[in-house]
Amino acid sequence: MRKILVVGAGQSGLQLALGLQSHGYEVTLMSNRTADEIRFGRVMSTQCMFDTALQHERDLKLNFWEQQTPRIQGLGVSVAAPGSHDPGPTQRVIDWLGRLDGYAQSVDQRVKMAGWMDTFVQRGGQLVIHGAAVSDLDYFSRAYDLVLVSAGKGELVSMFGRDPERSPYTAPQRALAVSYVHGLGPRPEHPELEAVRCNLVPGVGELFVMPTLTTSGRADILFWEGIPGGPLDVFDGVKDPTEHLSLTLELMETFLPWEYARATRVELTDAGGTLAGRYVPTVRNPIGRLPGGGLVLGVADVVVANDPITGQGSNSASKCAAAYLASILEQGEKEFDEAWMRATFDRYWETARHVTKWTNAMLAPPPEHILNLLGAAGQLPTAADRFANAFDDPADFEDFFYEPEKTAAYLGSLTGA
């Protein structure tokens, strides 16, 4: 029986550990927190998983919360009029909703990771609660056929060198602020339909609103992404959750009054329902070299960390776990050598490169042809639907998003122009 060590108990690490376990591998999972510490701790993300990523969970029969989680059937985009922040519907120069072919869902990672960790132990997996350092992996690597590092922060990431050709940014591009709330009213434009709403404020930042399942049931996530140094960059040093929510709502009232109108009665889901921070989008070398000469393979956001502006983090983590699982199974009893590690990452990069390209493009000011595309989607439901479904398969953006000629040709094909 092959022995594999998975370091890090997030979406990708746990999905991989449970997948390997189901195929008879002897898996050790290392986490710096217990299931209860995760369950009763602070929120960790703004995960919204689309159909392909959810299917990877279904394939492993890990979709424990699917029936009780809101089914997100649409994705809407609103663009505020530049420089106009007086309350009123005229503030929206663009506002539309695209329909998803397969529903999306968001499960608070405190619920999912704690539940999956308990399941891993119940199925006979060895769980080690320990904040691993490079020296630990140097020791453990001799006892395992393969070591996978899926802990995306801390000392371990330093083993994986930055890939400058794939990492155009050297500083954070957004200041992030998250609030999980109860009491958000429905969007009057589609009161019966659950949707993710993407609100763009040119030159300022973005607000994303999404339904979720949290520790206390159905809730909504309010997620600000502010351009550093701008009016949304005010959450650093805010420790009090109530103050964090108050700031969130004040900014909504100022910049997005149509969203604020349904948020006047919200309250935090719990004391751990807020999160703030920022990080540099980075692609890294997938292979880490240990002092003793051993090799480890980086997983998901350890090696491809994108800004959450396109909502791809948990989707990419799920897709990475699925790609790595397939590569491990195909390798059979052969050695997990450097060539295999490189090929395994390249297999994932075929998917991840589209996410990175799209995310980095969305962090920059939108060129005219993108604004034209977003505007046209308000009159062309087919374009709105295609844009929404590209969140599930970002490779599709290659055909209508990046190049003005392709955008014009696509819109022309819909209008006959």
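Biologist: Which backbone nitrogen does the side chain of D307 reach, and at what distance?

Modeller: The side chain of D307 reaches the backbone nitrogen of I309 at 2.9 Å. A polar contact is a pair of N or O atoms within 3.5 Å, where, within protein, one must be able to donate a hydrogen and the other to accept it, and where residues adjacent in sequence count only if both atoms are side-chain atoms. Keep in mind that this is a predicted model, in which local features need pLDDT of at least 70 and side-chain atom pairs count only at pLDDT 80 or more, while totals for chains, interfaces and linings use all residues. Residues are numbered from 1 along each chain as its sequence is written, and side-chain values use heavy atoms, with hydrogens and water left out.

Biologist: Why is D307 said to have no salt bridge?

Modeller: A salt bridge needs a side-chain nitrogen of Lys or Arg within 4 Å of a carboxyl oxygen of Asp or Glu. For D307, which is buried, the nearest side chain of opposite charge is R174 at 5.8 Å, so no salt bridge is counted. Here Lys and Arg count as positive and Asp and Glu as negative, whereas His and the chain ends are not counted.

Biologist: What makes the pair R92 and E189 a salt bridge?

Modeller: The closest N and O atoms of R92 and E189 are 2.7 Å apart, so the pair meets the cut-off. R92 lies in strand β4 and E189 in the loop between β7 and β8, so the pair ties together parts that are 97 residues apart in sequence. Strands (E, at least two residues) and helices (H or I, at least four) are DSSP runs, numbered from the N terminus.

Biologist: How do you know whether R197 is buried or exposed?

Modeller: Buried means under 20% relative accessible area, exposed over 50%, and partly exposed in between, with a 1.4 Å probe and protein chains only. R197 has 2% relative accessibility, so it counts as buried. Its salt-bridge partner D95, with closest N and O atoms 2.9 Å apart, has a relative accessible area of 30% and is therefore partly exposed.
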